[in-house]
Amino acid sequence: MNSNYRFIFFIFLSFYFGSLFAQDATLKYKNLLPVEGLKYKKTIISVAGIADIEFIKPVSINFGMEFGGYIRLFSKAKQIQKKSAYDIKVADRDLFIKPTIGFLYRERYQTGLYFMPSFVYRHTTPKIFYTEISISGGYYYAKLNVPTYEVTPSGEVNKIKVGFSNAIVGGNFNAGLDFSKSGRTPLNLFGGIGLYYNFPNNHNWTRHIIVQAGVAYIIRRNIE
């Protein structure tokens, strides 16, 4: 074989076996990349302090608490490549149903007790920051805190002995820090704002602007 052909053949074999070796090394390296967070079960239990702000003169603020549980319906992890194929980060995109119970205390009027399931979409970055948006609907019961009377069509004045039942709809936006993402602690801190309406209140929809801040405990279980 001509020496030139032998040289070209040698170069070809070098590139061929070199590429096979590099591909094999890459696969072995990728097999060592952490996959924690790609496939796991997640359940969240949260508690938050809430405040209902009424922008009237003077501004009125009523306080309460809310307890919720996130049940994950759908999850899709997104791998984000940084500077190289070996620098992979994972972002989480989750859809939850969130049953919630809570109360709001209005000193001179009523205590609002509610049950409000929500659909929640949460996006968690490769680090620990996350945002979520939700839509909600449920039942609101206004328990009267003071003696209240009503005038019947016949002109009689009767004391109202029970509260009022309302429908409630709305949604909110939250942002927070999910420390379980780094594997250090199963907690996250969050805060947000929401807008809700209850009906009927004097035959009208009544608007409520809600701010909240709280903490959640996150249960993560790897899938074998």
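Is D94 buried or exposed in this chain? D94 is buried, with a relative accessible area of 1%; buried here means under 20% relative accessible area, exposed means over 50%, and partly exposed is whatever falls in between, using a 1.4 Å probe and protein chains only.

A quick word on what you're looking at. This is a predicted model, so local features need pLDDT of at least 70 and side-chain atom pairs count only at pLDDT 80 or more, while totals for chains, interfaces and linings use all residues. Residues are numbered from 1 along each chain as its sequence is written, and side-chain values use heavy atoms, with hydrogens and water left out.

**Overall layout**

Helices (H or I, at least four residues) and strands (E, at least two) are DSSP runs, numbered from the N terminus. Of the 224 residues, 30% are buried. Take the contacts (heavy atoms within 4.5 Å) between residues at least 6 apart in sequence: 59% of them join residues at least 24 apart. One backbone detail to look up is the F199 to P200 peptide bond, which is cis, with omega near 0°; P200 is found in strand β11 (residues 187-201).

**Salt bridges**

Side chains of opposite charge can pair when their charged atoms come close. A salt bridge here is a side-chain nitrogen of Lys or Arg within 4 Å of a carboxyl oxygen of Asp or Glu, and the whole structure has six of them.

| Salt bridge | Closest N and O atoms |
|---|---|
| R106 with E54 | 3.6 Å |
| R72 with D94 | 3.2 Å |
| K181 with D92 | 3.1 Å |

Now for R106 and E54, whose salt bridge has its closest N and O atoms 3.6 Å apart. R106 is in the loop between β4 (100-105) and β5 (110-115), and E54 is in strand β1 (residues 40-54), so this pair ties together parts 52 residues apart in sequence. R106 is buried at 6% relative accessible area, whereas E54 is partly exposed at 24%.

**Outside and inside**

The accessible surface of the protein chain comes to about 14800 Å², 64% of it belonging to carbon and sulfur atoms; areas come from the Shrake-Rupley method with a 1.4 Å probe, and for residues only the protein chains shown count as cover. On that surface, L73, F74, L95, F119, Y121, I133, I135, F173 and I193 form a nonpolar patch with about 890 Å² of accessible area together. Patch residues have over 30% relative accessible area and no salt bridge, with nonpolar side chains (Val, Leu, Ile, Met, Phe, Trp, Tyr) joined within 5 Å and like charges within 9 Å. Strands β2 (60-81), β6 (118-124) and β7 (129-144) each supply at least two of the patch residues. F74 is in strand β2 and counts as partly exposed, at 48% relative accessibility.
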